Amino acid sequence: MPEPSGITEILGIPTDIIGLWVAALLTLAIYSFLYGDNPVYKFAEHLFVGVSAAYGAAIVYHQALVPKLVQPLSAGLIQPLLAGNPAAIVWSKATLLIPGMLGLLIFGRFFRGYQWLSRWPIAFVMGLGAGLSIPRSIQSLILEQMHGTMQPVWPLTGGGFDNLLLIVGVVCTLAYFYFSLPHRGVMRWLSRIGIWFLMIGFGAGFGNTVMARISLLIGRIEFLLYEWLPTIGIHLGGPGIG
Amino acid sequence: MRLQIPIALGFLAGAFMIVQFFVPYYALQMYYEQLLDWAIIIGAFALVLGLGSLFRSHIDKIRSRHPDYIYSFVALISFAVMFFFGIFYGVNPRTTFDWIFNNIQVPLEATVFSLLAFFMASAAYRTFRARSVEATLLLVVAVIIMLGRVPITDYIKFVDIHGFSEWLMSIPATAAKRGILFGVALGIVATSLRILLGIERSHLGGGGGAGR
């Protein structure tokens, strides 16, 4: 099929302007939820679900299934066989039949009595992920973090105090999560300080999350004010004038 | 055997991944990359299962004439349109797929997530109370971090809010995060070992049939 990339206008209206209007109306449709649940919001919500699922499926098809399975199998195995030239078969590509078969076994879930077949690919992927994560977690989440924590603390000026605070924070946070000893005496104070550090961490996480959402909100409002409104003749100035 | 073979398969795959991490032999590296590709291929098939679940949920709504069943048509039709253009015309820039992505999916995604700003503000207003030292600490730090991210605090000359919020992020918050990460890492290692040794089998459940 030919690529429809040449289309630049529909009914005399540039596709860029149509896109701008579609994006603006959908943005307003989602914000209509602030007033209450309504049909316009539900429409936009379900549109989002459908489009997102199809986006994921198409990307996986083009960036995983075709280049990693279909093309190599076709070039290395199927085409030589169809051409009646088995000498041209690239046997290393034939190993791709294994993940292909394992992938197909997943569909065993759809057939009564054969559901157990879907365990094979799931067990394979889970085992792979588990084996992959053990050394990498130890390396990146334990050893590297310990290395980053154990920095020189002397002299206290010039970063030493910060490094000391980091060590104290990590030790106290770990003390809070250490339940093999009762939290009494020294442990009580260590875990108490650990809670303070945790609260600072949670507060920082909350503040960052809120600001990330606010940043998205500002982006959408800027889009409406400075890109969409100018298309109906309202120019407010500011950044990103379309 | 219906359970033992998958457990053995998982163990072999996982054991290979651990061995290749410690043995810098080029052939092992090659097989490692090949196995990662295999996992991606199997994941692509697994996506179909997820899509099947999505379709079934919406088709069930339509069949049972659920009060909102009309929107299930919207989800299914939008999926079909996007999927059609994605599969048959490609996903490159300047295609219809790209147009739908830029003008429908991206704005919807950004708007849905920005909507959370209102709900977080509302939830914070209703629940944040400085009743204890810990709660006050969380509240104050959250406010400082938020102030540190807005340009208007540039005009406050007597205190460096940007610098202080950066310091909070890089020292005390990092210390707390590291403490949590140690626990997370130990949890990952323990769970992974349980999976490899066949002690953890919940991911193999749901298959049904004899010989469990």
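How much space lies in the second largest pocket? About 210 Å³, with pockets taken on a 1 Å grid over the protein atoms alone as open sets of points where a 1.4 Å probe fits, with protein on both sides within 12 Å along at least five of seven lines. The volume is the space filled by probe spheres set on the points, which are joined across faces, edges and corners. This is a predicted model, where local features need pLDDT of at least 70 and side-chain atom pairs pLDDT 80 or more, while totals for chains, interfaces and linings use all residues. Residues are numbered from 1 along each chain, chains are lettered from A in the order written, and side-chain values use heavy atoms, leaving out hydrogens and water.

Both chains turn up in the pocket lining (residues with an atom within 4 Å of a point): A:Pro67, A:Lys68 and A:Leu96 are among them, and so are B:Gln34, B:Asp37 and B:Trp38. By class, that's four nonpolar, three polar and three charged residues. Two of the lining residues, B:Asp37 and A:Lys68, pair up in a salt bridge, with the closest N and O atoms 3.1 Å apart. The rule (a side-chain nitrogen of Lys or Arg within 4 Å of a carboxyl oxygen of Asp or Glu) finds three such bridges across the interface of chain B and chain A.

As for that interface, 115 residues of chain B touch 114 of chain A, contact meaning heavy atoms within 4.5 Å. The two chains bury about 10600 Å² between them, 80% of it on carbon and sulfur atoms; this is the accessible area (1.4 Å probe) lost on being put together, summed over both parts.

Notes
Nonpolar A, V, L, I, M, F, W, Y, C, P; charged D, E, K, R; others polar.
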